[in-house]
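Please take a new reader through this structure in the viewer, stop by stop. Say at each stop what to select and what is found there.

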Amino acid sequence: MSAWFPFHGGVKTVRHKTESSQRPIQPGLLPSRLVVPLHQHVGATAKPMVQPGDRVLKGQMIGQADGYVSAAVHAPTSGRIMAVDQQPVPHPSGLPDWCVTLETDGEDHWIERKPLDYRRLHPSDLRNAIRNAGVVGLGGAVFPSAVKMNLSGHCERLDHLILNGAECEPWMSCDDLIMRERAAEIVAGIHIMVHVLNPHQVLIGIEDDKPEAIAAMNAACAGTGYQVCPVPTRYPSGGAKQLTKLLTNKEAPVNGRSTDIGVQCFNVATAYTLHRAVNHGEPVISRIVTVTGQVAHPQNIDALLGTAFADLIAQCGGYSDGVERLIMGGPMMGFALHRDDVPVTKATNCILAASARELTLEQPVMPCIRCGDCVDVCPADLLPQQLYWYARAKEFDKARDHHLFSCIECGCCSYVCPSHIPLVQYYRYAKNEIWAREKEKQQAELARQRHRARMERLEREKQEREAKLRQKAPPSRAELVVVPGTGISERNG
Amino acid sequence: MRFRTVTSPHVLLETSVGLIMRRVLYAMLPGIVALIWFFGWGIGVNLVLATVVALLAEAAMLVMRSKPLASHLGDTSAVVTAWLLAVALPPLAPWWLTVIGVLSAIVVAKHLYGGLGYNPFNPAMVGYVVLLISFPREMSTWLIPHGLGQPHTLTLLETLQAIFGTAPISLDALTGATPLDVLRTQLGLGLSVTEIRNSPVFGIVAGHGWEWATLGFLAGGLWLVYIRAAAWQIPVGMLSGLAVIATGFYLVDPQHYAPPWLHLWSGAAVYGAFFIATDPVTASATPRGRLIYGAGIGMLVYIIRGFGGYPDGVAFAVLLMNIAAPTIDLYTQPRVFGARQR
Ligand code: SF4
Ligand code: SF4
């Protein structure tokens with residue numbers, strides 16, 4: 001398919017992809033210690049299944065999926081459990097989280113791997129297997145894939161299954177490399193998705209600055225009917241909503257899901273891990289990480305989950321001079337970490353060691369001059385300057401009325417703002433405030449309900465007592481009728 | 001090793017308020033050159049004087065409001081205001097006229113309303129209107145453009161003397177009415193448009209000398225739109241608004257109403273469309289809103305020119321639409337991605 005449907009806005013950013021995309025994917029070195037977070041996905045934290053001192057094998061489940069929206073966590077290699085406690089993790093909050101610390105034994109001894117014949121399995125059994133294999137979206141959103149593979153009445157069958165290989169963030173090349181090197185496995189994973197979701201059409205969106213990946217995917221898709229669709233290089237074409245619009249001209253509704261318009265979207269790397277999990281019985285224990293920026297040898301590493309960032313940096317020859325910020329993810333949406341002893345998780349698609357040369361130095365923030373540049377680039381068709389105004393003035397209701405929650409935090413507005421206003425920061429702040437208030441309101445409502453229930457119960461008990469008393473004292477000729485809830489009794493007849 | 005943590009995005013486009021403002025200044029140059037060619041050194045003297053006064057006033061206000069001097073003076077927004085106003089002043093405007101105009105613009109219209117980004121009214125036009133209302137005679141004394149038979153071309157020294165009030169020669173012989181002035185007074189005298197337009201003051205299209213300045217501003221303005229330093233919707237809206245209403249009246253009675261091309265090409269129509277109305281701070285900020293905002297200015301310009309008390313109406317029209325901008329924005333919000341098509 002050559003036609004595509006442009007989305008509004010977006011920006012042309014610097015690319016810097018070739019730095020890391022010139023070398024093949026390197027296997028990660030086996031560190032002596034792995035710190036595996038139990039919360040590497042959207043949803044409930046996995047429940048730990050091991051205790052310090054336990055020996056585990058490679059691929060053994062160490063954290064159990066807790067509920068429907070959750071995913072299991074596995075030992076990335078064989079070894080001994082050192083601790084189950086809170087450790088620093090790569091999260092914007094900077095707060096520690098529950099992790100399993102594993103001392104590796106260097107033998108890399110697998111559990112027994114059992115391939116599944118997915119064509120024979122009932123879909124819900126297959127979904128359970130996927131959840132237990134820890135398969136989540138590897139584009140960075142880490143939403144449990146089993147949940148997305150259940151249409152559950154949202155639509156009968158999908159119109160379009162979209163595979164996201166756009167990779168629009170600068171510097172990043174992990175999806176590019178996995179498509180170049182593992183196209184056949186990705187397609188094998190797509191077969192599984194197709195089996196469950198039964199789409200009319202399978203579209204694979206790849207930005208047109210990755211000719212090798214497009215060629216590899218085209219070759220792997222030959223004879224399958226899956227279409228590889230080059231899309232123009234324009235950030236954020238890899239946003240699920242933007243890619244959907246590009247490929248199908250459909251817009252996911254505000255407050256709705258993509259399945260409402262018959263579309264489901266997965267990252268290409270997710271399809272790869274799905275294939276490994278189902279056809280080889282290998283749970284998700286590693287992922288491809290782009291390590292780039294100010295390191296001696298920028299490259300992509302197939303890293304075990306739990307490997308410290310610092311170990312990967314060391315494998316790439318260490319930092320070059322003048323690293324100012326360490327960013328997980330791309331420079332547009334990634335977040336800056338203040339330490340490098342945090343572990344790789346399923347969300348770690350890129351580690352960017354950035355110096356002043358890569359970054360824009362902080363500029364003085366000027367007042368908004370209402371130039372409207374942010375409006376021109378906003379892919380969600382919002383009025384970013386208006387949202388900023390409301391967030392700053394703490395007029396959260398108005399911000400919500402102006403569709404604050406349609407903001408995908410892509411950063412295009414901040415990118416072009418001549419006044420250098422950290423717009424996205426204001427939107428995150430406003431969203432958090434609204435969520436916090438919502439929660440408060442819910443709690444207050446709950447308390448009010450409890451209070452009302454208690455008052456009603458007390459009243460009922462009182463009336464029952466009174467009624468009993470009256471029964472004991474013989475009523476006069478006429479019947480006494482208690483008017484419920486008032487405490488007044490009337491004479492009847 | 002500890003690293004700095006800042007929120008995303010971590011890369012930014014190379015742009016700044018100062019860059020945008022400086023581009024506006026560059027874009028004004030062709031028009032300014034044409035004005036100086038036809039009206040002499042006075043334009044240049046006014047520009048320099050206005051710039052100096054504006055920078056001093058801006059600095060003083062910034063100090064008083066305890067804002068960082070370097071970043072806010074460096075944004076050159078005060079210079080833009082000064083130039084926008086100075087270009088609209090008569091070439092031999094006495095020095096105090098320029099000073100009063102610039103001070104009204106920078107001190108009152110800009111800083112007393114909250115400074116850059118907060119002022120609801122276009123500062124340059126506030127300055128202009130203050131002068132127009134307070135000093136109508138000084139504001140309408142324009143030089144006769146070069147090549148239209150003025151008896152004497154002023155030297156730089158003579159210009160300076162004239163502006164600073166020590167002129168050794170009488171200026172009356174050198175000054176005359178602007179084309180829009182002529183049109184207005186003669187229509188009032190009952191002449192037909194055809195008769196009036198035979199006057200050499202009207203040049204090829206819309207005023208000897210003036211039309212070249214207009215051409216210069218058009219070139220600069222188109223460049224601004226091309227590099228996206230100005231929103232295209234505003235000039236398009238304003239010029240179409242003016243053209244539509246002028247054409248309507250012209251078709252009804254071509255002897256009483258000037259043709260649309262004369263309206264478009266004369267006075268401050270083009271200059272206002274590309275340089276005044278496009279001031280982002282005071283304009284509408286939504287794509288559709290900008291079209292409406294521009295069209296509103298265009299129509300008001302015609303109404304003021306045709307039926308109001310002043311020969312040109314760009315300044316008043318812009319200020320009137322400034323008031324309406326927030327309301328326009330409210331009703332022209334773009335359709336949000338994924339919202340149902342209207
Ligand atoms: S880009 Fe920045 S200065 Fe321009 S309107 Fe948006 S927030 Fe204001
Ligand atoms: S961060 Fe939000 S407001 Fe800014 S451009 Fe992206 S979607 Fe629009």
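**Confidence**

This is a predicted model, with an ipTM of 0.87 and a pTM of 0.86. Colour both chains by pLDDT before selecting anything else. Chain A has an average pLDDT of 90, and 95% of its residues score at least 70. In residues 475-493 of chain A, however, the pLDDT is below 50, and this stretch makes 23 contacts in the model beyond near neighbours in sequence. Where pLDDT is low, the predicted coordinates should not be read in detail. For chain B the mean pLDDT is 88, with 94% of the residues at 70 or more.

**Ligand 2**

Move to ligand 2, which has 13 residues around it. Cys378(A), Cys407(A), Cys410(A), Gly411(A) and Cys413(A) come nearest. Helix H13 (412-416) and helix H14 (423-472) of chain A are the elements that each give two or more residues to this shell. The shell around ligand 2 is made up of 11 nonpolar residues, one polar and one charged.

**The second largest pocket**

Next, show the second largest pocket, which holds about 1,100 Å³ of space. Its lining has 49 residues, and those closest to its centre are Cys371(A) and Asp373(A) from chain A with Arg228(B), Ala229(B) and Ala230(B) from chain B. Which helix gives the largest share of the lining? Select helix H1 (residues 17-39) of chain B, which contributes five residues, the largest share. Domain 1 (15-176) and domain 2 (178-330) of chain B each supply at least three residues to the lining. Sorted by class, the lining consists of 30 nonpolar, nine polar and 10 charged residues.

**The two domains of chain B**

Colour chain B by its division into domain 1 (15-176) and domain 2 (178-330). Their C-alpha centres are 21 Å apart. Where the domains meet, 35 residues of domain 1 are in contact with 28 residues of domain 2.

**Backbone details**

- Select Tyr235(A) and Pro236(A): the peptide bond joining them is cis, with omega about -5 degrees. Pro236(A) sits in the loop between strand E11 (227-231) and helix H7 (240-248) of chain A.
- Select Ser8(B) and Pro9(B): a cis peptide bond is found here too, with omega about -10 degrees. Pro9(B) belongs to the segment before H1 of chain B, and H1 is the helix seen earlier in the pocket lining.
- Select Asp108(A): although this residue is not a glycine, its phi is positive, at about 50 degrees. Asp108(A) lies in the loop between strand E8 (96-104) and helix H2 (123-132) of chain A.

Definitions and conventions. Residues are numbered from 1 along each chain as its sequence is written. Chains are lettered from A and ligands numbered from 1 in the order in which they are written. This is a predicted model: local features need pLDDT of at least 70, side-chain atom pairs count only at pLDDT 80 or more; totals for chains, interfaces and linings use all residues. Side-chain values use heavy atoms; hydrogens and water are left out. A residue is near a molecule or strand if one of its heavy atoms lies within 4 Å of it. Helices (H or I, at least four residues) and strands (E, at least two) are DSSP runs, numbered from the N terminus. Ala, Val, Leu, Ile, Met, Phe, Trp, Tyr, Cys and Pro count as nonpolar, Asp, Glu, Lys and Arg as charged, and the others, Gly among them, as polar. pLDDT is the predictor's confidence in each residue, from 0 to 100. Contact means heavy atoms within 4.5 Å. On a 1 Å grid over the protein atoms alone, a cavity is a set of points where a 1.4 Å probe fits but cannot get out, and a pocket is an open set with protein on both sides within 12 Å along at least five of seven lines; lining residues have an atom within 4 Å of a point. Grid points are joined across faces, edges and corners, and a volume is the space filled by probe spheres set on the points. Domain bounds come from an automatic or database domain assignment.
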